[in-house]
Amino acid sequence: MFAYIVRRLLYAIPILIGVNLLTFTLFFVVNSPDDMAVSQLGEKYVTPEAIEAWKRKNGYDKPLFVNAEAQGVGAFTDTIFFTKSLKLFAFDFGRSESGRDITTDVSTRMWPSLAVALPSFVIGIWVNICVALMVVMFRATALDRWAVFVFVALMSISYLFYIIGGQYLVAKSWMLVPISGYDPEFQPWKFLILPVLVSVIAGIGSGARWYRTLFLEEAGQDYVRTARAKGASEISILFKHILPNALIPILTGVVVLIPTLFMGSLLIESFFGIPGLGSYMLDAIRSQDFAIVRTMVFIGSILYIIGLILTDISYTWADPRVRLS
Amino acid sequence: MSGDIRLRVKDLRVKLPETGEEILKGVSLELRAGQIFALVGESGSGKSVTSLAVMRLLPEALAITGGAVQVGEQDLFDLSESSMQNVRGRRVAMIFQNAMTALNPVQSVGQQVAETLRLHTRLRGDALRQRVVQLFAEVGIPDPEGRFSFFPHQMSGGQQQRVMIAMALACEPDILIADEPTTALDVTIQKQVLGLVRDLTVSRQLAVLLITHDMGVVRHTADEVAVMYRGEIIERAPVDDFFHSPQQAYSKRLIDALPDLSHFQSMATETPLLQLEDVKVYFPIRKGVLQRVVDYTRAVNGVSLSIGRGETYALVGESGSGKSTLGRAILNLEPLSGGRIRFQGEDIGGLARRQMLPYRKRIQVIFQNPYSSMNPRLSVGEIIAEGMVSLGLGLSLEERNERIGQLLDRVQLRREYGSRYPHEFSGGQLQRVAIARALAVDPELIICDEPTSALDVSIRAEVLDLLQELQREFGVSYLFITHDLSIVPSLAHHVGVMQAGVLVEQGSAEQILTAPTHPYTQALLASVPRVDG
Amino acid sequence: MLALDFKPVLLWSDALVFLLVIALTLFFYRLREDPQTRERWGRVFSSRLGMVTFTVIMVYVVIALLDSLHFRKALPTPEGVVTNEIFYDNKVTSVLDVLLDGMGERFERTYSAPFALKSFEKSNMKDEQGNMYRGYEDLKHAGQHLSDPQAKWANVLELSLRALAWGLLAAALVVGLQWYLLRGSVHPWYASWAVQAVVICLFFWLVYLSHYYHVLGTDQGGADVAYQSIKGVRTGVLLGTLSTLVMLPIAVSLGVMAGYFKGWVDDVVQYLYTTLSSIPGILLIAASVLLFQVYIDLNPDFFAIGMEKADARFIALCFILGLTSWSSLCRLIRAETLKISQLGYVQAAHAFGVSHARILGRHILPNVVHIILITFVLDFSSLVLAEAVLSYIGVGIDPSMGSWGNMINGARSELSREPAVWWTLSGAFFFMFVLVLAANLFSDLVRDAFDPRSAMGRSGT
C-alpha cells in the first residue's frame, strides 16, 4: 500500500511537468509576451516603449529558456520558464497581471467555493442514489420507463437554464432567499441554499440515470439470484447486496471529484455572486489574466492527481478483491 | 422406489412471451427423501429453466404458463411472493453452477451463510456464528473458524462450492436443487464435492434434484435419471437400468460419449516432427516502489516432449497447469524463458516475426471458444481465406474460392456457407470452420487447445471423429490440449500429464490410462466417470 | 455576358460540413454490407421512439445544411451608373434565409413581446402636432395590415388556419411520396411521417405568420427571436459534429495502438491522456480560445469579410474542443482493444502471420466501431449544451454568428426586468432542448442496440 502510494506520487511528477510544459507552450511560445502586452494594454496605447515597460513590470522581459547574459545557474533561473513556470512547483504563484498576490487570493477564495461545492456534492450524491434505488425497485414497469424518460429530459436541459430558472422562481417570484451574494459573517447558509439546490437538481438527470444503470447491472448478477434463493426479500437484496456492490463503480466516478471541489463551480459562483475560485477563474478568463489561469491549471491538475490516488485507495476499502501493489 | 415424495412437479409449462416459444412442454417429476434425481440434457434443453421455475426464480423474460409444484400439500405457484420467500432457503434450497459469481464478492462467506439463518431462524450473535462454523465443518471446510471472515475470492473453487452447500443446508431444508454444481470445477475437486452431496443426501434424508450435462456425474451420484430434450423429458429410469438398457437413441448417444477404456490408438510412426527440450515460460512478478522483478510465475517449468508425424499427443492437465501457455509458446505467441523448440530439427524457439513466417504455414491452431475465435465482422469465407492470403500461398481469387469450397465440403459444411457470418452458426459448426481455417494452409501440426470443451457431448463426438478422419487423410499431427481425460483413449497415441508447469508423467495412451504410476495421474484417472462404474 | 445574380460563398465550415456528410454517407453505406450491423440498426429503427428522434435530428441537420449553402446577392446597379461590373452585397445570405422569406430582415427598434403590436419599451415620440411625449411605439413589421388592433387574435387565427391548410397540403405531398416508396418496409415509418407533418406545418405557419407578426417577439436589438433561434441550429449541429470529427482520429488511433502494441506505446499514450485530463477542461478550452482570439485580433487582414472572421473562430473552437476532449474515448478504445487482442480471432491471425496493420484494420478497428458510434451520438448532445456555457464564459461562438449560447448569454439579465422578458430565453431553450432531447434519446437506443453489455443486462435480469 505504502509502496503503491509512493509510486503514484512519483508518477505524478512527469504528469505535472507535462502540464507545465503544455501551458508554457500555450502561453509563451504560441503567444509571445509581446502579444500579451498588446492585448493587455489595449490597442490605443501600443507603443514599443509601453510594451517594454509592461513586460518589465510583469517580469516577461527575460528570455524563454536560456539566459545567455546571466552567470552560472542564472542562465537557467533568470528566464521566463523558470520564474513563471517552474516556480509553481514550489507553490510560488507570483502576482497576477493586475498586481495582486495570487497565493493570498487562492487561499481566501477557496473556502466560499468549498462552502457551496461540498454540500452540493454530498446532497447531490445522496439524492441521486435514493432516486435511482427507488426507480430500480420498480424495474421493468411503466414507472421505470417513464423515470428514465424524465431523467433524459432533465439531462437535456442546459445548466444555464437551471440557474436562471432557479433564480427566477425561488428568489424572484417567491422571494424566499437572496438572489445572489455571499457573506461569511451574516447567515451564510441563506446565500447557500439556492446555489446548492440548483446544482443538486441540475445533477439529478444524469446522476440518477447513471446510478440506475449501475444498479441494474448488479441486479443481473448471479449472487443476486443466490440471495433470492435464500429467501431474502427484494428490499433487503437491494440494500444488502446490490448497493454495496454498485458502490464500487460509483466510487470511481465520484472520489476523483472530491479534491476538485476546492476549485468550485464556474457558473454557479458567477451567477450567484459567490467570491470563490470559480468566479475567480471566470474573471481571469474574461480579463485575460493569464498568470491566474496558469496557476489555476496547475492547482487543478494537482487536485486531479490527488483524486486519482484517492480513488484507488477507496477501492481497497470498498472492494475486498483489490489489493494495491 | 422407496422414500417419501417430498416434491412433485406436475406438467410444468414455461413460455417465452416475446416470441411465444415454448421452453418447457409439460415436465413432471418427483423428488424422494434420501434420493438424488438427476435431470440430464444439453445446453438449451430446459433443465436449468425447470429448476428455476420450481423456485419461482425465472428471469422476467420467461413466464410460467401452467402446471404445479407441490411441496407436501402446498402448491408453490399458489403462494404469495412473501410466503414464497419463506419457502426458499427453508424448505427448498438451491446451489448454483459457478460459485465464484454466485457468491457476493464484497461480503464475507460467513456473513453470507449467516444471512440465510438470520432470515429463517431466531439465531443471533454468537450462537449464529457458532452455527455457521459448525456448518462449515460439516461441509468439510478446513479451519472453519478462520474461514468465517474470508471473502469468496480468497477461497478455491471447491471451497466456494462448499460454502454454497453450507448456505443451502443452513436451515435444514427438505429439498435441495443443485444446478450443475460441479461444472466449473476441476475433475479431482468435482469428485470430492459430489461425494459430499451424496453423503449429505443420505445423512440428512434430503430430496435432491441434480441438474447436469455430464453422464459421468449421473452414473456416480444419482438414484434416478431423466433425460431432457427440447423442453420435454424423453426418458426416465432408475440409474442402473438407464445405463444398461437406454430406450431412446438420444440417450444412447449421451452414454456413448463416456470413455471406453478398452480400445486405444495403435502407435503411429516415430519420425519426430516437433521436439520440446526443457521449455520454460516464466511471467515476472513485480513489487515495490520501482516495480522490480522479485520473482517469476513459472507457468511452464521445463517441459520436454516429442510429437511424431501423423500422431496425436494429448496434453492433459487441470486449469492453471500451464498446458495452454505451452501451446501458445510453440506458436511463438509467448516468449520463451528457456529451452528449445525444434520443428523437424530446426530451432524455432524465439524466432523473430519474419523468420517465423515460413513455420506459421506449417503449425496451426484451433482454439477452445469457437465464438470468440471468429471475427464477427468477416464472412466465413474471408475467415478461411485469411491464412492463405497473409501467408502468400500465391493463389488467384478463383483458386482461393474453389479451395474454400473444398474445405467447407471436407468439414461437412455446405459450400454456400462461405458467404455467411459467424453469428448464424452453432458452436459445433463454428468449430468445423475453425478446423477448415487451420487446414487451409496445409499444416503439418495443429495445436488443438480444448477444441471440444465448449461443445455439447453429442456434438463433441462428431468434431473429434472429424479430426481423426482428417489425420488419416492428410497425415497431420495434433497436440491436443485438454482437461478431459475421457476423450483421450479414442484419440491420442501419446499422453502427457501436466501439473503446475511440469510434465509429471508421459507415455503411450494405453500405458497412462491403464497403468499410471504418478499419484496425480492416478487421482485424475480415478475421477473419470465410466459406464461400468 | 451572362450575369449571375448571386455569387456562391464557401466558408471553411461549409466545406467541412459537406465533407462530413459525404464521409458519413460512405461510412453508413459500407456498414450496410455487414449483416450484424444492419440488424442492429434495424433494432434502433423498429421502435417508434427511434423513428421519431431520428426524424427530429434529421430536421435539424437539414436546416443546418440549408443554412450552410451561402451566397452573396448581386446588388442592383445604381441608377445612372453604366458598368458591366456586378457588385455583390457584403452580407452573406444562405438558402435557409431565402426559404424563411425575409424573416431575418424585419428589424424593430428594440424588445417586443410575441405577437405584440407595440414596442416593449417607451420611447420619445411626436404626436401629430409635433409635441414630444413618451409612449409605446408601433412596430414596423407587426400588425401593419390591421385596421383595428382589437381584431388581432381573430386575425392570427385566420392566418394560422390559412397557413395550416397550406402546410397540410405540403405535408400530404411529402408523406404520400414516402408512403409510395416505402410500402413494403417493416419499420414504423408512420411515426416519422407524423413528425414530418408537424414540422412542415409549423414551418409554413411560422414563415407565413412572420410576415404579419413577430411570432416569438424581438430581442434587445430588435431582431426577430424566431429567426435567431433557427439560425442557431446550424451552429449547434456543426459544433456537435465537427468537434467529434476532429477528436475521433486522435482518440481512435492512439487508443487502438496503445491497446494493441502495449509496452512503451501504451505507456506514452496513457501518459498523454492522463496529463491532458488532469488539466481542468474549461480552463484549457478558455485559454486556447483566448489565444486564438488574440491571433485573430493581431492579424485582421487575413479575413476578407466579417463572416469569415467569425467562421475562423468557430472552426478554431471546434478544433480546440476536439483536441482537448479525446482522452475519454481514447481510454475506452484502449480498454476494448486490450480485450479484443486476447480473443481467439486475433490470436489466430497472429498464428497465420497476419501483419500488424492488417490485424488493426481488419480485426480490431471494425470491432470497436460500436464504441465510436455510441460516443459520436452521445458527445453530440453534450457539445451542444457546452456551447451555451462557453458563450456565457465569453469564449464561445463569435457574437456576430447566431447561436443559442449567445442568445441565452444576452438574455440572462432580461428575466429580472419588470415585467420579465421571457421570450428570447424561451426561444433558445425550446430549440436547444428539442435537439438535445432527441439526440439523448436516440443515443440511448443506439447504445442499447450496439453495446453488448447493455444487451446482456436486458436479457439477463
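How many residues does the contact take from chain A and from chain C? In this predicted model, chain A gives 41 residues and chain C gives 40 residues. Several helices build the side of chain A that touches chain C. At least two residues each come from α1 (2-30), α2 (33-41), α7 (142-155), α8 (159-173), α9 (188-219), α12 (266-271), α13 (277-286) and α14 (290-318) of chain A. The largest share, seven residues, is supplied by α14(A). By class, this side of chain A holds 28 nonpolar, nine polar and four charged residues.

Chain B was examined by domain. Its domain assignment gives domain 1 (5-91 + 175-256), domain 2 (107-172) and domain 3 (272-373 + 445-526). The centres of domain 1 and domain 2 of chain B, taken over C-alpha atoms, are 25 Å apart. Eleven residues of domain 1 and twelve residues of domain 2 form the contact. On the domain 1 side, helix α8 (residues 187-204) of chain B brings the largest share, five residues. That side comprises eight nonpolar, two polar and one charged residues.

The largest nonpolar core has 338 residues. Those touching the most other members are B:Met164, B:Ala166, B:Val208, B:Leu479, B:Phe480, C:Leu283 and C:Ala286. Helix α7 (residues 225-261) of chain C gives the most to this core, 18 residues. B:Ala166 contacts B:Val113, B:Leu135, B:Phe136 and B:Val139, with neighbours within four places in sequence left aside. A second, separate core has five residues, among them C:Ala163, C:Ala171, C:Ile200 and C:Cys201.

Definitions and conventions
Residues numbered from 1 in each chain as written. Chains lettered and ligands numbered in written order. Predicted model: local features only at pLDDT ≥ 70, side-chain atom pairs only at ≥ 80, totals over all residues. Domains from an automatic or database assignment. Contact = placed C-beta atoms within 7 Å. Helix = DSSP H or I, 4+ residues; strand = E, 2+ residues; numbered from the N terminus. Nonpolar A, V, L, I, M, F, W, Y, C, P; charged D, E, K, R; others polar. Core = buried A, V, L, I, M, F, W, Y, C linked by C-beta atoms within 7 Å. Buried ≥ 20, exposed ≤ 12 C-beta atoms within 10 Å, placed from the backbone.
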